[in-house]
Structures are given as C-alpha cells and as structure tokens.
Amino acid sequence: MPDFDTSVPHIARVYDYWLGGKDNFAADRQLGEQTLQAYPHIVFSVRANRAFLTRSVRFLAAEAGITQFLDIGTGLPTADNIHEVAQREAPDSRIVYADHDPVVITHAKALLRSTPQGALDYLDADLRDPGTILASAAGTLDFSKPVAIMLLAVLQFAADGEAGAIVQRLTAACAPGSYLVISHPASDIDAERHIEMVRRMNESMAQKVTLRDHAAVTRLFAGLELAEPGVVKASLWRPDSPAQAATPTVLWAGVARKP
Ligand SMILES: C[S@@+](CC[C@H](N)C(=O)[O-])C[C@H]1O[C@@H](n2cnc3c(N)ncnc32)[C@H](O)[C@@H]1O
C-alpha cells in the first residue's frame with residue numbers, strides 16, 4: 001500500500017501535470033484542468049519559475065561561489081534540477097533535496113545522480129519543521145560555510161506568521177555569505193484570475209495555499225542584502241532573452257545574501 005492517497009490531488013503532482021510530466025494521477029489531472037480553466041497562463045508561469053531556478057542557481061554557482069544548496073519543496077524531477085545546473089558550473093557542489101511528498105523523494109532517489117566529486121541527499125521532511133531539516137542536512141552540508149537556501153514555490157504552504165519564522169530559522173543557521181532564494185505566488189499579479197485559480201486548489205487540496213503580495217514577499221528577505229534587481233516577477237529576474245522576460249508569471253522572486 002502506498003502511504004499517500006492518490007484520490008486527493010497533491011501540489012507536487014498537479015505541478016508535474018502543468019509542466020507536462022507523467023508522474024500524476026486522475027485527481028491531479030482533474031484539478032490541473034480546473035486550474036487551467038481559471039488561469040490559462042499557469043503553464044507559462046511554472047515554466048518561468050523553472051527558468052528562474054536555472055538562472056538563480058547559475059548565478060550562485062558561477063558568480064557567487066556557492067557550492068552548497070539546501071532545496072526545500074523540491075518537486076518531482078524535471079529538466080534542469082538544481083544539482084544539474086550547479087554541478088555543471090562547479091562539479092563538487094553538494095545538494096540536499098527535501099520534500100514532504102513520498103512520491104517526490106522516491107523518484108528523486110531513483111532518478112537524480114550526483115557527479116563523483118559532489119554529493120546529493122534526499123530528505124522526507126516538512127518545511128514547517130526547519131530544525132529537523134537543518135539537523136538532517138548537516139550530514140551533507142557544512143553550515144559553517146556559505147549555503148544557498150532554496151524556497152521555490154513552496155512558502156505559500158506556510159500560513160501567515162509561520163512563513164517568516166521558517167525563513168528566519170533557516171537563515172539564522174547559515175554562515176555569512178550564504179544566500180536565500182525565494183519564488184512565491186502573488187496575490188497582486190493578475191489578481192482576479194489567479195485568486196480564483198487558488199480558490200479551486202484550496203477546495204480540494206489537503207494543504208492550503210496562502211498568496212502574498214510584493215511587500216509581504218519582500219519582508220521575507222528582512223536582514224539580508226537583495227541582489228539586483230530585487231524582488232521582481234520571476235521572469236524579470238536577470239532574464240537570458242527577451243522571450244524569457246516576456247513570459248507571463250504570477251510569482252514574485254528574489255535572491256539575497258546574508259551579510
Ligand atoms: C509547486 S511545487 C515547487 C517545486 C519546485 N520547488 C519548483 O519551484 O519547481 C511545491 C513542492 O513543495 C512540496 N511541499 C509542499 N508543502 C510542503 C511542506 N510543508 N514541506 C515540504 N515540502 C512541501 C510539494 O510536495 C511540492 O513538491
């Protein structure tokens with residue numbers, strides 16, 4: 001018996017459906033379609049999020065000298081997973097993936113491989129228990145040296161009040177020179193259609209989504225130095241091409257350094 005219920009849609013698999021993946025069940029596809037009807041641009045938005053992931057990891061590995069990554073809310077394996085982007089730049093990069101969905105962890109263990117010089121680990125863990133994540137990740141990452149904490153499209157599953165405390169706990173454990181990367185679904189971009197889409201998600205998913213506006217997402221970076229261009233739409237964070245910059249997205253995104 002699997003220890004998850006395939007009759008209830010789950011964000012990891014709905015997201016996989018939006019990205020055109022095959023790791024989803026009927027309930028996920030049904031919600032995938034309902035959300036697409038409410039907000040047809042969601043497919044572009046998730047692609048813009050993945051492109052932001054690639055660009056931010058490339059910046060961290062190639063320009064900021066980061067070789068350690070703690071990614072919470074990893075999602076199902078897809079193209080350009082964090083270790084692939086990081087280890088292309090720095091083959092000795094060490095990455096810990098954490099997700100609370102057992103399907104994600106099983107697939108990650110089966111499909112994701114490190115370079116011989118680097119290391120990968122996979123944690124079945126909950127974002128809302130950052131202490132346990134930090135303790136387990138310390139088996140692979142050296143927190144006395146800079147680490148990038150990656151929170152991409154996941155903090156919306158933490159309630160108001162909770163999200164800021166989680167970020168504080170994670171960044172407090174990191175050495176100066178560490179980075180925080182966040183992308184977060186917005187309450188103030190294409191608001192009417194996006195809010196309707198999320199209402200449909202919250203009707204059927206066990207974990208509820210909290211949207212946040214630009215000011216609230218910016219507050220999550222309190223005490224850190226935001227890299228240029230600050231907190232912007234995910235597609236506008238250092239785009240590689242005019243086509244990337246023009247991709248519709250409903251996510252705010254930013255990268256910041258711990259002084
Ligand atoms: C929308 S996907 C984002 C995947 C990836 N980070 C990206 O940006 O492409 C959200 C992921 O967060 C995971 N997740 C949701 N709530 C979580 C929690 N409380 N603890 C750990 N992972 C969580 C889901 O299982 C899913 O894989």
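## Around Asn-49

Leaving aside residues up to four places away in sequence, Asn-49 touches Tyr-15, Leu-152, Ala-153, Ser-183 and Leu-251, where contact means heavy atoms within 4.5 Å. This is a predicted model, so local features need pLDDT of at least 70 and side-chain atom pairs count only at pLDDT 80 or more, while totals for chains, interfaces and linings use all residues. Residues are numbered from 1 along each chain as its sequence is written, and side-chain values use heavy atoms, with hydrogens and water left out.

With Ser-183, there's a side-chain to side-chain polar contact at 2.7 Å (a pair of N or O atoms within 3.5 Å; within protein, one must be able to donate a hydrogen and the other to accept it, and residues adjacent in sequence count only if both atoms are side-chain atoms). Asn-49 counts as buried because its relative accessibility is 3%; the cut-off is under 20% relative accessible area, with a 1.4 Å probe and protein chains only.

## Helix H3

Asn-49 sits in helix H3, residues 42–62 (helices are DSSP runs of H or I with at least four residues, numbered from the N terminus).

## The enclosed space

The largest cavity holds about 580 Å³ of space. A cavity is a set of points on a 1 Å grid over the protein atoms alone where a 1.4 Å probe fits but cannot get out, and lining residues have an atom within 4 Å of a point. Grid points are joined across faces, edges and corners, and the volume is the space filled by probe spheres set on the points.

Of its 42 lining residues, Ile-11, Ala-153, Val-154, Gln-156 and Phe-157 are the closest to the centre. H3 gives the largest share of that lining, six residues.

Methods: Helices (H or I, at least four residues) and strands (E, at least two) are DSSP runs, numbered from the N terminus. Buried means under 20% relative accessible area, exposed over 50%, partly exposed in between (1.4 Å probe, protein chains only). On a 1 Å grid over the protein atoms alone, a cavity is a set of points where a 1.4 Å probe fits but cannot get out, and a pocket is an open set with protein on both sides within 12 Å along at least five of seven lines; lining residues have an atom within 4 Å of a point.
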